[in-house]
Amino acid sequence: MRIKGLAFITIILTYILIVFGGYVASSESGMGCGPEWPLCNGLVIPILEGDTLIEFAHRVIGAILGIISVALFLKINKSRPDQDLKSASWGLMILLILQILLGAVVVLLDLPAIVVSIHLMIAMLFLVNLIWIWRKVDLRNGHQLSLRKNRKNIAVFFHLNVVLFLLMLTLFLGAYIKHQAYGLACGWLDCGNGFIPASIPGMFQTGHRLLAGALAFYIFFLTYVSFKKKWNAGLQNRLMAASLIVIGQILIGILTIISYIEISWAVLHLALGTALFAFVFETRIYASSVKSMETTLKAIKSEPQQHYLD
């Protein structure tokens with residue numbers, strides 16, 4: 001299998017693991033294996049039922065992901081990659097090791113909210129590292145796309161960086177609120193007796209909503225500007241899709257509160273949030289490479305064919 005295909009499979013598996021991790025948390029199955037790691041209730045393969053089955057399944061998916069990630073790392077480094085791709089592959093391994101260690105700490109310390117939230121953020125960084133690798137590799141004639149900025153799209157690049165930063169903050173705060181059980185500190189519209197929170201949990205929930213609102217407005221604004229200023233069609237389509245995801249995320253967020261954090265809505269809320277983060281990051285890569293991609297492809301057509309990159 002080529003690097004690009006293997007990277008794509010790893011992206012899908014990482015996404016599944018993140019969303020399934022949300023199910024583990026929402027179903028309160030995080031201690032299904034007890035305070036033990038890497039064993040589960042003192043066994044390599046425990047009795048698979050109830051919370052133990054859910055938590056053990058999460059660990060198995062994580063183990064499979066680890067093996068595939070190592071395979072991807074080895075394949076990249078055997079392909080004589082450029083320095084950027086080689087550095088990204090090493091970054092992938094560092095994030096993988098860090099994620100494994102944090103996973104152990106989460107279990108051994110009985111699910112501390114701050115560590116679980118950091119655990120999610122490392123998973124997000126791992127995901128976008130994979131997306132970068134996937135988009136970086138051009139398997140045609142041994143060439144790789146240049147992802148450097150250019151003068152015409154540097155403003156778009158900057159705005160997407162701001163969106164990603166806001167997304168990281170929103171996801172982190174959302175995870176912390178979830179694991180601190182602050183999710184119902186406010187109603188779906190107000191908080192307590194009004195719009196100004198009167199408690200610490202309410203402040204966290206309100207902060208999360210304000211960040212989400214600023215993020216939604218920013219994405220809607222960029223989508224509007226992309227059509228008004230006639231940006232590249234690929235950017236327009238990506239930003240329009242991001243706006244639709246945001247609308248869905250807002251509706252699901254409201255349903256999550258109305259349903260008193262019913263598991264299916266809570267998991268779907270995380271699934272869409274993760275998808276939005278991945279989607280915006282891919283858009284950022286596209287924005288930084290759209291011009292250089294055209295130049296690279298013209299150069300490819302003018303050069304003799306070389307062996308394909310495995």
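Start by selecting F217: this residue is exposed, because its relative accessible area is 60% and anything over 50% gets that label. Keep in mind as you go that the model is predicted.

At 40% relative accessibility, F221 is partly exposed. Show both side chains and you have an aromatic pair: the rings of F217 and F221 are stacked, 6.4 Å from centre to centre with 15° between their planes. Colour helix α6 (residues 200–228) and you'll find both residues in it, four residues apart, which is about one turn of the helix.

How many aromatic pairs does a search of the whole structure find? Six! So let's hop to another one: select F73 and W90. Their ring centres are 4.8 Å apart and their planes meet at 80°, so this pair is edge-to-face; angles over 60 degrees count that way. Next, colour helix α2 (residues 50–78), where F73 lies, and helix α3 (residues 83–108), where W90 lies; the pair ties together parts that are 17 residues apart in sequence.

Next stop: select Y176, Y182 and F204 together, and you're looking at one aromatic cluster.

Last stop: pick R238 and Y286. Here the charged end of R238 sits over the ring of Y286, 4.0 Å from the ring's centre.

Terms used:
Residues numbered from 1 in each chain as written. Predicted model: local features only at pLDDT ≥ 70, side-chain atom pairs only at ≥ 80, totals over all residues. Heavy atoms only, no water. Phe/Tyr/Trp six-rings, centres within 6.5 Å; stacked < 30°, edge-to-face > 60°. Helix = DSSP H or I, 4+ residues; strand = E, 2+ residues; numbered from the N terminus. Buried < 20%, exposed > 50% of the residue type's maximum accessible area, 1.4 Å probe, protein only. Lys NZ or Arg CZ within 6 Å of the ring centre and 35° of its normal.
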